[in-house]
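Subject: Structure for you to look at

Hello,

Here is the structure I promised to pass on. Please open it alongside these notes.

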Amino acid sequence: MRTTPRRTHGARRALTGALLAGLTLLTSAGAAVADDPSASASPADDGAGPTEAGTTFRTATALEQGQTGTAQASAGDYLYWVFPADAGQRPTVEATVKLPSSARSSTSTWQIDVYDGLRRRQACMYGHQTRKAAADAASVELSCVLRTVRSWSEPWASDPLPGSYYIRLTVVDLPAADLGLPVGVEVKAASKEQGGAHDVDGTLSEPLVPGVSVASAGDAGAAPRVPSAGEPEDGWASGWWTDRWLWTVGGGVLAALAAVFGYSLTRGRGRPSHVPPGV
């Protein structure tokens, strides 16, 4: 049976349409994931959080992302909170210190630091990590935007990894006469999903959460470990799903369609009409 030029052109048009449809589907799917609020692991609503703060790493108060934690303390205290951050998130920590209305003797300098589950201090990409407050200032605001949390890293690197992150707020420069003055503190942690652009190959066997190594080394028949402070109740994603899956599958579909289209261009029009079968 001979393939006519009309049928060949029709097949080409059909394959071209399929290629364009596949490309459109892939692009729209990627955009939908990027714009979908449910793709973010951070709570959408800003809720009230805890009303106290810890004074050490061990007593750090658990804070969920999107919550606002408050505390009443004295100038000179070290205040600690802990929140979870998963792979693909870029955490932002904000803190507001409300200073007493009574006259203070001089300026003060406040600082916010963020540590990971191994208690390694994480550098801020940008923000106001350290700020001075004038003697008559009513409040001082601080912020720290961390690097994107990676699903895996070399042991010698200090890259942010999935797990608990500790917030430490304190005053680093204060006259002795002002020590102990009452202050009010508000702190909030939130994250922005960065998508597959920051994905790496490999994942941690366990997120960096206090006590996880002890639980892993326990008996196989032991009771399940209860989520500790700084660990999400619904578990860790740890980078198992990213929008790179969409591009990988979509790329495979487009490659298959392109192969079929290329074959249709090179196979020819079949046996000429004047050539008998079997020749």
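First, a term. A cavity is a set of points, on a 1 Å grid over the protein atoms alone, where a 1.4 Å probe fits but cannot get out; lining residues have an atom within 4 Å of a point.

This is a predicted model, so local features need pLDDT of at least 70 and side-chain atom pairs count only at pLDDT 80 or more, while totals for chains, interfaces and linings use all residues. Residues are numbered from 1 along each chain as its sequence is written, and side-chain values use heavy atoms, with hydrogens and water left out.

Cavities

There are two of 30 Å³ or more. Volume here is the space filled by probe spheres set on the points, which are joined across faces, edges and corners.

Strand 2 (68-74) and strand 9 (182-193) each give at least two of the lining residues. Strands are DSSP runs of E, at least two residues, numbered from the N terminus.

Residues lining it include A75, R104, W110, D178 and V183.

Five strands form an open sheet in the order 1-3-8-5-6, with mixed pairing. Strands pair if DSSP finds at least two bridges between them. At the edges are strand 1 (61-62) and strand 6 (130-133), each pairing on one side only. Strand 5 (108-115) and strand 8 (163-173) run antiparallel, joined by seven bridges. I112 sits opposite L169 of strand 8.

Best wishes

Terms used
1 Å grid on protein atoms, 1.4 Å probe; cavity = no way out; pocket = protein on both sides within 12 Å on 5 of 7 lines; lining within 4 Å. Helix = DSSP H or I, 4+ residues; strand = E, 2+ residues; numbered from the N terminus.
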